[in-house]
Amino acid sequence: MSLLAVLHQGDSRLYPLLLRAAISHRLPLQVHAAQPGALFPAALAGLVPLGFGAALLEAPDFQTQAPGLVEALEPEAKAAKRVDLVVPERQGLRGYYLEPIALGHLLMHYAMGATLLWMGRLRPELLAGLRGIQQVSVMSPSFAEGDSFLGRLPSSQRGHTTLPERAEALARHVDVILYSGGSLPIAALQPYHTLLALAEPPREALKRVGQYLGPEELPRFLLSAVLEVLGQGLPPDAFV
């Protein structure tokens, strides 16, 4: 039986999903939640002495602290300077950043090869998850900020930067709207759009699009990726 810690702050979105899946699918996995707060470094240092096989880091503060507390980083974690899964190994703790991988799997499932417009808070740490998208455009408060965001992508994927007041015109030419919180120009949404929401959108938005994928989708794909690393693979639809 393997032990998995979920380290979070405040209410956890991931722990209930993970616990229900582990019980209903009879996984050889015990899931424990904890809020270590300022003792987070000590919590990571205690994984091996306490017999834990991994720690899932849900709190953003923990994710940004963790790269300096582990001995090895997977490529996604090194590039994003974030860690959301820590696994003890013989040489020490290894850090993974699985959220962009989960986003990539989600887009592959629903929108492989599509064109996409990113709206809302820019999260460059997730750009690696857009590899399966044909072209990525962005709505940004400034052209400089948007162009910098797109500049992290391969040149073949780079679309266009638009300002919020001009987003409606660019949105007509994409398949997917990825919304990550903040401003969402409702008039830009069309019946042929898939709206992938990483944050809760205004209710009116749901009436204007053809397909809606809510904020609960990415955590399901993330937990599937976590269990795959731990050798306990379950599909995303197992997390309900």
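V48 lies in the loop between α2 (40–45) and β3 (54–57). In this predicted model, V48 has a relative accessible area of 53% and is therefore exposed, the cut-off for that class being over 50%. Although V48 and E89 are 41 residues apart in sequence, their C-alpha atoms are 9.1 Å apart in space.

Setting aside neighbours within four places in sequence, A77 contacts R82, V83, G95, Y96 and Y97. A77 and L98 are separated by 21 residues in sequence and by 8.0 Å in space, C-alpha to C-alpha.

Backbone geometry draws attention to two further loop positions. Most residues other than glycine have a negative phi. R26, which is not a glycine, has a positive phi of about 55°. R26 is situated in the loop between α1 and β2 (29–34), where its relative accessibility of 77% makes it exposed. K81 is likewise not a glycine and has a positive phi of about 60°. The loop that holds K81 runs between α4 and β5 (85–89), and K81 is exposed, with a relative accessible area of 64%.

The accessibilities of the residues discussed so far are collected below.

| Residue | Relative accessible area | Class |
|---|---|---|
| V48 | 53% | exposed |
| R26 | 77% | exposed |
| K81 | 64% | exposed |

The helix packing can be considered next. Two packed helices are described by the angle between their axes and the distance between the axes. Helix α1 (residues 14–24) packs on helix α9 (residues 217–229) at an angle of about 55°, and their axes are 11 Å apart. The two helices are therefore oblique to each other, and their crossing is right-handed. On the α1 side the contact is formed by L14, L17 and L18, and on the α9 side by P219, L222, L223 and L227. By residue class, this contact of α1 with α9 comprises seven nonpolar, no polar and no charged residues.

Helix α9 also packs against helix α5 (residues 99–111), with the axes coming within 8 Å and crossing at roughly 115°. Accordingly, α5 and α9 are roughly perpendicular to each other. The crossing of α5 with α9 is right-handed. Here E99, A102, L103, H105, L106, H109 and Y110 of α5 meet E217, L218, F221 and L222 of α9. The contact of α5 with α9 divides into seven nonpolar, two polar and two charged residues. L222 of α9 takes part in the contact with α1 and in the contact with α5.

The largest nonpolar core has 68 residues, and L44, L57 and L130 have the most contacts inside it. Helix α9 supplies the largest share of this core, with seven residues. Another core lies apart from the largest one and has 17 residues, including A167, L189, L195 and A205.

What does L130 touch, not counting residues up to four places away in sequence? Its partners are L103, L107, L116, W118, V136, Q157 and L178. Of these, L103 also belongs to the α5 residues that meet α9.

How values were computed. Residues numbered from 1 in each chain as written. Predicted model: local features only at pLDDT ≥ 70, side-chain atom pairs only at ≥ 80, totals over all residues. Heavy atoms only, no water. Axes fitted to C-alpha atoms, helices over the stretch in contact; angles between N-to-C directions. Helix = DSSP H or I, 4+ residues; strand = E, 2+ residues; numbered from the N terminus. Parallel < 35°, antiparallel > 145°, perpendicular 65-115°, else oblique. Left-handed = near helix turned anticlockwise from the far one by under 90°. Contact = heavy atoms within 4.5 Å. Nonpolar A, V, L, I, M, F, W, Y, C, P; charged D, E, K, R; others polar. Core = buried A, V, L, I, M, F, W, Y, C linked by side-chain atoms within 4.5 Å. Buried < 20%, exposed > 50% of the residue type's maximum accessible area, 1.4 Å probe, protein only.
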